[in-house]
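Here are a few friendly notes to read with the model open beside you. Take them in order and find each part on screen as you go.

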Amino acid sequence: MQQIDQRLSQAYPPNSQNNTRYIAEIHSVLANVKIDDIGFKDIKFRKVQTKRDLEQLKLLQQEWFPITYGEQFYNSVLNGRVSSLIAEIEIKYPTGRKEKYVIGAMVYQQRQCKTKYLQNLTWKQWFCLFFQTQNALYIMTIGVINEFRGRGIAEYMVEQLKKTVLQSNKTIAYIYLDMVDYNEIASRFYQKQGFNKMRIKKNHYMIENQTFDGYVYVWQPI
Ligand SMILES: CC(C)(COP(=O)(O)OP(=O)(O)OC[C@H]1O[C@@H](n2cnc3c(N)ncnc32)[C@H](O)[C@@H]1OP(=O)(O)O)[C@@H](O)C(=O)NCCC(=O)NCCS
């Protein structure tokens with residue numbers, strides 16, 4: 001008999017039993033709201049700024065990822081040592097009270113460029129690389145709540161990183177990330193954004209006592 005996929009996030013292993021319930025408050029809030037009335041123009045994008053943002057991010061990341069991110073990670077997000085971009089909506093309650101909620105988030109970091117991930121370099125680009133320290137942007141995490149998936153929110157967040165690369169005057173060479181091999185939706189997402197699968201890391205992840213391969217996806221401006 002075929003097993004029903006009960007995962008809320010495809011970042012969890014296909015046979016996981018640990019990802020069947022929401023934990024962030026936003027889901028119960030949305031149960032009383034007409035979601036279709038919330039358009040893309042109602043979504044604001046900004047970095048993590050407050051402890052409330054951080055508390056929401058922690059719970060959402062637990063829903064999205066089977067890997068635990070520690071206090072050091074979240075402190076770095078709050079103090080800006082690693083960069084963030086959150087998608088936020090404002091809910092207006094019948095009492096007139098307004099409350100903002102995170103519905104998507106990307107956490108990324110500037111890292112040193114690795115030449116092994118550079119593709120189709122001209123001799124001029126090799127020359128620049130030799131004389132100029134080049135960096136890369138590494139996507140550490142990206143997620144969108146189920147209720148708002150498929151509306152282009154993650155695409156918009158990745159586009160902002162692409163803009164940063166294009167405006168960096170070639171000091172940022174590419175965007176890259178690691179992901180687990182079974183996450184087909186994420187693979188399709190990155191391919192649609194023009195990322196190339198550059199490497200397979202054998203047994204890179206240990207998730208729920210099982211080992212899985214990892215993929216490295218890279219986006220480089222043409
Ligand atoms: C991967 C994820 C971030 C995508 O977010 P999203 O906001 O729904 O993505 P977008 O709406 O911007 O999708 C853009 C493209 O990605 C692909 N895509 C996204 N979701 C898809 C799905 N469920 N099935 C097939 N393709 C999908 C499509 O090509 C889509 O373009 P299209 O709508 O024009 O066909 C989201 O599914 C998610 O949060 N997943 C759980 C956490 C996770 O796996 N994060 C990635 C870890 S590496």
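1. Let us begin with residue classes: Ala, Val, Leu, Ile, Met, Phe, Trp, Tyr, Cys and Pro count as nonpolar, Asp, Glu, Lys and Arg as charged, and the others, Gly among them, as polar. By these classes, the shell around the ligand holds 10 nonpolar, six polar and five charged residues.

2. A word on what you are viewing. This is a predicted model, in which local features need pLDDT of at least 70 and side-chain atom pairs count only at pLDDT 80 or more, while totals for chains, interfaces and linings use all residues. Residues are numbered from 1 along each chain as its sequence is written.

3. Which residues come closest to the ligand? They are Ala11, Arg149, Ala154, Glu155 and Phe189, and 21 residues surround the ligand in total. A residue is near a molecule if its C-beta atom, placed from the backbone, lies within 6 Å of it.

4. Now for the elements behind that shell. Helices (H or I, at least four residues) and strands (E, at least two) are DSSP runs, numbered from the N terminus. β4 (135-144), α5 (153-166) and α6 (184-192) each give at least two residues to the shell, and α6 provides the largest share, five residues.

5. Next, look at strand β5 (residues 172-180). Eight of its nine residues are buried, so β5 is largely enclosed by the rest of the structure. Buried means that 20 or more other C-beta atoms lie within 10 Å of the residue's own, with C-beta atoms placed from the backbone. β4 is mostly covered too, with seven of its 10 residues buried.

6. How do the strands pair?

7. Trace the chain through β4, α5 and β5, which make a right-handed β-α-β unit. Right-handed means that, with the strands pointing away from the viewer, the path from the first strand over the helix to the second runs clockwise.

8. Finally, a database remark. An unreviewed UniProt entry lists residues 43-222 as "domain: N-acetyltransferase"; such annotations may be inferred rather than shown by experiment. In this model, that span is 31% helix and 38% strand, and its end C-alpha atoms lie 30 Å apart.

Technical notes
A residue is buried if 20 or more other C-beta atoms lie within 10 Å of its own, exposed if 12 or fewer, and partly exposed in between; C-beta atoms are placed from the backbone.
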